[in-house]
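Here's a quick briefing to read with the model open beside you. Take it one topic at a time and find each piece as you go.

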Amino acid sequence: MRVFIIKSVNLLIVAGIIALYCINVRKVGEEKKSIAEKTDKKEVASDDGNNIYFADDGIYEGSGDGFGGKIKVRLTVKDNKLEKVEILSAENETKDYLESAKKILDDAIDKQSVDVDTVSGATLSSNGIISAMKDAIKNGKVKV
């Protein structure tokens, strides 16, 4: 009887973990959908559920907080693909950290997503760039 109770408790714990995971996945999907609706864009989740595809060509700009202050980026979308990511300003960022974190720009283009990993040793600058890229999508296209 004791073994049965232990197995039952373990089963309930595993079921609870799976339920929490499913709820979290649903929230992430809803957040991406919300961003797409707010910006009047047609971004959709990719097959693996982690990437944002760009269905609306144009230039997007946003900013985020890095190690030394604000980092401003520009995303260029052409033919429904993220073609270029550039840092417009990062005046107070430490040069070495910023240079290390710039690897994220290529990662975003390679993955066609703003959901990229941070660079070890330049985590705060990396988070600032990632935050700025997400802000650019949230803000929508820049009128040129």
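Two strands count as paired if DSSP finds at least two bridges between them. With that in hand, keep in mind that this is a predicted model.

- Strands of a sheet pair through backbone hydrogen bonds, and the pairing can be parallel or antiparallel.
- Here, 3 strands make an open sheet, in the order S1-S2-S3, with antiparallel pairing.
- Which strands sit at the edges? They're S1 and S3 (81-89), since each pairs on one side only.
- From one strand to the next, the twist averages 25 degrees.
- Helix H4 packs on this sheet and touches S1, S2 and S3. The direction of H4 makes about 135 degrees with that of S1.

**The S1-S2 hairpin**

- Look at the turn: the hairpin of S1 and S2 has 4 residues between the strands. Gly69 in this hairpin takes a positive phi near 145 degrees.
- Asp65 has Lys70 as its bridge partner in S2.
- Those two residues also meet through their side chains, as Asp65 and Lys70 form a salt bridge (3.2 Å, N to O).
- Is Lys70 buried or exposed? Lys70 has a relative accessible area of 53%, so it counts as exposed, because the cut-off for exposed is over 50%.

**Other salt bridges**

- How many salt bridges does the structure hold? There are 7.
- Glu61, Lys72 and Arg74 are tied together in a network of salt bridges.
- Glu99 and Lys102 form a salt bridge through their side chains (3.2 Å, N to O). Glu99 is partly exposed, at 45% relative accessible area, and Lys102 is partly exposed too, at 31%.
- Asp107 and Lys103 also join their side chains in a salt bridge (3.0 Å, N to O). Why are they about one helical turn apart? Because they sit 4 residues apart in helix H3 (residues 103-111).
- Lys103 comes out as partly exposed, with 47% relative accessibility.

**Helix H4**

- H4 (residues 123-139) has 17 residues, so at 1.5 Å a residue it should span 24 Å. The C-alpha atoms at its ends are 24 Å apart, which agrees.
- Which residues of H4 are buried? They are Ser125, Ser126, Gly128, Ile129, Ile130, Ala132, Met133, Ala136 and Ile137.
- Just past the end of H4 comes Gly140, with a positive phi of about 90 degrees.

**The aromatic pair**

- The count of aromatic pairs comes to 1.
- In this pair, the rings of Phe67 and Tyr97 have centres 4.9 Å apart and planes at 75 degrees, so the pair is edge-to-face. The reasoning rests on a cut-off: planes over 60 degrees apart count as edge-to-face.
- The pair links distant parts of the chain, 30 residues apart. Phe67 lies in the loop between S1 and S2, while Tyr97 belongs to helix H2 (residues 95-101).
- Phe67 is partly exposed, at 43% relative accessibility, and Tyr97 is partly exposed at 35% relative accessible area.

Methods. Residues numbered from 1 in each chain as written. Predicted model: local features only at pLDDT ≥ 70, side-chain atom pairs only at ≥ 80, totals over all residues. Heavy atoms only, no water. Helix = DSSP H or I, 4+ residues; strand = E, 2+ residues; numbered from the N terminus. Salt bridge = Lys/Arg side-chain N within 4 Å of Asp/Glu carboxyl O. Buried < 20%, exposed > 50% of the residue type's maximum accessible area, 1.4 Å probe, protein only. Expected span 1.5 Å × (residues − 1). Axes fitted to C-alpha atoms, helices over the stretch in contact; angles between N-to-C directions. Contact = heavy atoms within 4.5 Å. Phe/Tyr/Trp six-rings, centres within 6.5 Å; stacked < 30°, edge-to-face > 60°.
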